[in-house]
Amino acid sequence: MKIISDIQELRSQLRGQNRASFVPTMGNLHEGHLSLMRLARLHGDPVVASIFVNRLQFGPNEDFDTYPRTMDADIAKLEKEGVYVLFAPREKDLYPEPQEYRIKPPQQLGDILEGEFRPGFFIGVCTVVMKLFSCVQPSVSIFGKKDYQQLMIIRQMVQQFALPMEIIPAETIRAADGLALSSRNSFLSQDERAEAPQLQNALQDLRQQILDLGACNPQQLLALEKKVKDVLIARGWQPDYIAIRQQKDLLTPSDIERAPLVILAAAKLGKTRLIDNLEI
């Protein structure tokens, strides 16, 4: 595996590769990331991964400085997966001057849910992803469904900018007890790790309640959301949101049209913020 930090060197290395498959990450790789590498191999060749902890998507009180960085272990894992190139730029490589040009997703998609509780987050995500796409110029790129809203925003960005590439969604990889794999899981204490699967369990219970009701009006859905939030609060969680939305646009479903739904959740357990979702 070639490890490259310089953009021009990366482009030179990939010149003539017409079907590159790309997986952008922030490192601290786990089985969820590695499953993306395997999916990438099914859709393109060579497989290119990136590791870059993007300062632009962290708020002033978020965990940029403490975000786990495990480069040596990450390299070993990527080599085992047969990744062709690891693009690991430093900040001065990717942002040689202040990044004053930024990409802002539409308000109705970027300022809700994660965008409401993490202002500017998706501006940072879109800006760095667009820059990484420019550097790698892949034919396909893999994004996990665990970051459901992010996947939708990136997919629409690629469509609206007519980028010559395809976004491939990957199913969420979970531990045996149902907890979605995440780099931030390492912040959980032993007791918190035992409690953490209750977030997915709560979403499963909510999904079943929706299915049992059949047709639901908005007031019923709001009541169900509140019920689940109250259950989590009673267990010591601090929910940001539990939201039942339409899969196609993340808008609140109406009682006129019953489109496929998704439940999205974000909640703090101790000091660790976890996100998850469940399609219906």
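Okay, let me start with Cys-135, which counts as buried at 3% relative accessibility. For the whole talk, buried means under 20% relative accessible area, exposed means over 50%, and partly exposed is in between, with a 1.4 Å probe and protein chains only.

Before I go on, the ground rules. This is a predicted model, so local features need pLDDT of at least 70 and side-chain atom pairs count only at pLDDT 80 or more, while totals for chains, interfaces and linings use all residues. Residues are numbered from 1 along each chain as its sequence is written, and side-chain values use heavy atoms, with hydrogens and water left out.

Back to the cysteines. A disulfide is a covalent bond between the sulfur atoms of two cysteines; here the test for one is a pair of cysteine sulfur atoms within 2.5 Å. Cys-126 is in no disulfide, and its nearest cysteine sulfur belongs to Cys-135, 16 Å away.

When I say helix, I mean a DSSP run of H or I of at least four residues, and a strand is a run of E of at least two, numbered from the N terminus.

Which two residues does a cis peptide bond join? That would be Asp-45 and Pro-46, with omega at about 5 degrees. Pro-46 sits in the loop between helix 2 and strand 3, and that strand covers 47-51. Helix 2 itself takes in residues 31-43, and Leu-42 is in there. Is Leu-42 buried or exposed? Exposed, because its relative accessible area is 70%. If you're looking at Leu-42 on screen, find Ser-21 as well: they are 21 residues apart in sequence, and their C-alpha atoms are 8.9 Å apart in space.

Asn-28 has a positive phi, about 50 degrees, although it is not a glycine. Asn-28 counts as buried, at 14% relative accessibility. Leu-113 is another non-glycine with a positive phi, about 55 degrees. You'll find Leu-113 in the loop between helix 5 (107-110) and helix 6 (114-117), and it is buried, with a relative accessible area of 4%.

Now a few contacts. A contact means heavy atoms within 4.5 Å, and I'm not counting residues up to four places away in sequence. Take Gly-144, in strand 5, residues 140-144. Gly-144 is partly exposed at 22%, and it touches Leu-36, Leu-151 and Ala-170. Its C-alpha is 9.5 Å from that of Ser-35, which is 109 residues away along the chain.

Then Glu-195, which lies in helix 9, residues 190-195. Where does Glu-195 fall, buried or exposed? Buried, since its relative accessibility is 14%. Its side chain makes a polar contact with the side chain of Trp-237, at 2.8 Å. By polar contact I mean a pair of N or O atoms within 3.5 Å; within protein, one must be able to donate a hydrogen and the other to accept it, and residues adjacent in sequence count only if both atoms are side-chain atoms. Leaving out residues up to four places away in sequence again, Glu-195 touches Arg-235, Trp-237 and Leu-269.

Strand 7 runs over residues 237-246, and Gln-246 is in it. Gln-246 is buried at 5%, and a 3.0 Å polar contact joins its side chain to that of Asp-249.

Last stop, the second largest pocket, with a volume of about 210 Å³. It has 16 lining residues, and the closest to its centre are Ile-51, Phe-52, Val-53, Arg-69 and Met-71. A pocket here is found on a 1 Å grid over the protein atoms alone: an open set of points where a 1.4 Å probe fits, with protein on both sides within 12 Å along at least five of seven lines, and lining residues have an atom within 4 Å of a point. Points are joined across faces, edges and corners, and the volume is the space filled by probe spheres set on them. By class, that lining has 9 nonpolar, 3 polar and 4 charged residues. Nonpolar is Ala, Val, Leu, Ile, Met, Phe, Trp, Tyr, Cys and Pro, charged is Asp, Glu, Lys and Arg, and the others, Gly among them, are polar.
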